[in-house]
Amino acid sequence: MVILKRENLKVKKILIISYSPIARDPRILRQIEALENKYDISVCGYGEKPHGKNIAFYPVPHPVPARGKTRIYKRANGLFNALLKRFEVIYWNKEPLKYTLHCFEGTAFDLIVANDLEALPVALRLAGDGPVLFDAHEFYPGQFGRKHIFYNEMVKYFCKRCIPKARKMMTVCDGIANEYKRLHSVEPVVVTNAPDYEDLAPNPLDPEIIRIVHHGGAIESRRIETMIQLMDYLDDKYTLDFLLLPTQPEYYAKLKRSGSNNKKIRFLDPVKTSEIATATNKYDIGLYILKPGNFNQKHALPNKFFEFIQARLAVAIGPSPEMAKIVRENDLGVVAKDFAPESLAEEIKKLTAEDIMRFKRNSHKVAKELSAQKNKATIARLAAECLEDT
């Protein structure tokens, strides 16, 4: 038997860049899982190397916040450059980007995967004439509103300059893909934030206790207090448990105070991302109301939505178009007419025990189709197509 050495196989080399905590970023982990068995993978980002992944990991040092006079000087210099629209100067002065260039200077990769707009210009520079696969994740222009006018101008500049140079492009949902297509004449492929398939079954329902759950980060822009208010419109047979990460500690404390007067509401410890579906399988309804404050929130299709499905839950949401489309097409739950808490409460109160069990069974039917497996195949296909063009 002849054993071929790895170097003789001419394994293609891929670099994944993401300025995020790699070991805790599910979307990046799924990219790695889609590619690691076929290619030589290097990953550049924050934090620690993901456990058990067959990769070379290059940790990016977190920039040290400037203090005192240095901070004042940097802010003034940044504003000066923004006023003059010297966006290239602002971008290339960022320490993580300079570190990335230094780290991979002179290293050739067959493909670079750039995650988020921040990573795209540096990926294009490192790639030279080679292909870049751009995962835009969400939509950048205008996402922070008018008060961030200079930032938005810089974002538009780099979108216009860099996005057309990527060989292939991904994003998280149809609405965002269509907007990129309209603005930049590109054809993004939708790769959702669906998690891995979980081998679970719908949990039986007690008609006397309807158990509702919401999980995720305690982030003020998500207006989680709306879901606390919803419980004022439901009777005592409904309970709501929050499994929240204290992402914004002051906001998290405010939420706990707000919910403390309602005996139907509990705040429980969050669980690891990989354990969410199993931990929430005992519930009946996954709840999410997200009144949109920007384009990305309008077109939100988050991890938690798909995790409700993997947990085999019914789904109760506001009229967010991306989520609503999937709920209606697959008969997974209820969609309120607007984002007011009383509107969704009215829809929930209409449900019989049989309705809720039907929704839970329908989640079970589509759990495999709406899991990460299909997305990983799409990522692998896009990478192969980029490499075929080289």
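Tutor: A salt bridge is a side-chain nitrogen of Lys or Arg within 4 Å of a carboxyl oxygen of Asp or Glu. The model is predicted: local features need pLDDT of at least 70, side-chain atom pairs count only at pLDDT 80 or more, and totals for chains, interfaces and linings use all residues. Residues are numbered from 1 along each chain as its sequence is written, and side-chain values use heavy atoms, with hydrogens and water left out.

Student: How many salt bridges are there by this rule?

Tutor: Side chains of opposite charge can pair when their charged atoms come close. Under the stated rule, the number of salt bridges is 19.

Student: Which side chain meets E385 in a salt bridge?

Tutor: Helices (H or I, at least four residues) and strands (E, at least two) are DSSP runs, numbered from the N terminus. The partner of E385, at 3.3 Å from N to O, is K168. E385 lies in helix 16 and its partner in strand 6 (residues 168-171), so the pair ties together parts that are 217 residues apart in sequence. The partner of E385 is therefore a strand 6 residue, K168.

Student: Is E95 buried or exposed, or in between, and what is its relative accessibility?

Tutor: Buried means under 20% relative accessible area, exposed over 50%, and partly exposed in between (1.4 Å probe, protein chains only). E95 forms a salt bridge with K98 (3.1 Å, N to O), and both lie in helix 4 (residues 95-104), three residues apart. E95 counts as partly exposed because its relative accessibility is 46%.

Student: What is the relative accessible area of S320?

Tutor: S320 is found in the loop between strand 12 (314-317) and helix 13 (321-330). Not counting residues up to four places away in sequence, S320 touches L290, K298 and F339, where contact means heavy atoms within 4.5 Å. S320 is buried, because its relative accessible area is 2%.

Student: At roughly what angle do the axes of helix 1 and helix 16 cross?

Tutor: Axes are lines fitted to C-alpha atoms, for helices over the stretch in contact, and angles run from 0 to 180 degrees between N-to-C directions. In helix 1, R30, Q31, E33, A34 and L35 meet A372, K376, I379, A380 and A383 in helix 16. The axes of helix 1 (residues 26-35) and helix 16 (residues 372-388) come within 9 Å and cross at roughly 65 degrees.
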